[in-house]
Amino acid sequence: MKSETMNPQAQQVWHKPSDSGRMALAFYRGMLGAFSPALPLLLLARARRGKEDLSRINERRGYPSQDRPEGTVIWIHGASVGESLAALPLIECLLEKPDRTVLVTTGTVTSEKLMAERLPPRSVERRDLARQ
């Protein structure tokens, strides 16, 4: 049965960004470029406060510490300890198929340590956004 109250916006596919959207993106890119040189100093300051692990700073900058595993890789990000712990049952279910690896990234030092202890085999933990 066809609904008589169809939402016309549901049928829209893709539109070009508005002028304000393009300006916001240009501003974001400009600010990112302007502040990128300060990233190493920011990360060092965070490390002094115990918020970063110096041995894994390159992972925070987008450089992986390990090669990409073979086969299917499923990426799960837990920003906090709670999100990371909540993902553990999902990770175990995803790993029931033998050709899968789960890449887990975290946003805090505490969740990183916790996940390193609790992740099942064929899970890979990294500090943050890893570029492959």
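Contact here means heavy atoms within 4.5 Å. The model shown in these views is predicted.

**View 1. Helices H4 and H5 pack against each other.** Two packed helices are described by the angle between their axes and the distance between the axes. H4 spans residues 81–94, and H5 spans residues 109–118. Their axes lie 9 Å apart, at an angle of about 25°. Angles under 35 degrees count as roughly parallel, so H4 and H5 are roughly parallel to each other. The crossing of H4 past H5 is right-handed.

**View 2. Residues of H4 meet residues of H5.** H4 brings Val81, Ser84, Leu85, Leu88 and Ile91 to the contact. H5 brings Thr110, Ser111, Leu114, Met115 and Arg118. By class, six of the residues in this contact are nonpolar, three are polar and one is charged.

**View 3. Asp19 and Arg22 form a salt bridge.** Side chains of opposite charge can pair when their charged atoms come close. The N to O distance between the side chains of Asp19 and Arg22 is 2.3 Å. Both residues sit in helix H1, residues 19–35. They are separated by about one helical turn because they are three residues apart in this helix. Asp19 is exposed, with a relative accessible area of 53%. Arg22 is partly exposed, at 43%.

**View 4. Glu52 and Arg46 form a salt bridge.** The structure holds two salt bridges, and one of them joins Glu52 to Arg46. Their closest N and O atoms are 2.7 Å apart. Is Glu52 buried or exposed? Buried means under 20% relative accessible area. Glu52 has 6% relative accessibility, so Glu52 counts as buried.

Note on methods:
Residues are numbered from 1 along each chain as its sequence is written. This is a predicted model: local features need pLDDT of at least 70, side-chain atom pairs count only at pLDDT 80 or more; totals for chains, interfaces and linings use all residues. Side-chain values use heavy atoms; hydrogens and water are left out. Axes are lines fitted to C-alpha atoms, for helices over the stretch in contact, and angles run from 0 to 180 degrees between N-to-C directions. Helices (H or I, at least four residues) and strands (E, at least two) are DSSP runs, numbered from the N terminus. Angles under 35 degrees count as roughly parallel, over 145 as roughly antiparallel, 65 to 115 as roughly perpendicular and the rest as oblique. A crossing is left-handed if the near helix is turned anticlockwise from the far one by less than a right angle, and right-handed if clockwise. Ala, Val, Leu, Ile, Met, Phe, Trp, Tyr, Cys and Pro count as nonpolar, Asp, Glu, Lys and Arg as charged, and the others, Gly among them, as polar. A salt bridge is a side-chain nitrogen of Lys or Arg within 4 Å of a carboxyl oxygen of Asp or Glu. Buried means under 20% relative accessible area, exposed over 50%, partly exposed in between (1.4 Å probe, protein chains only).
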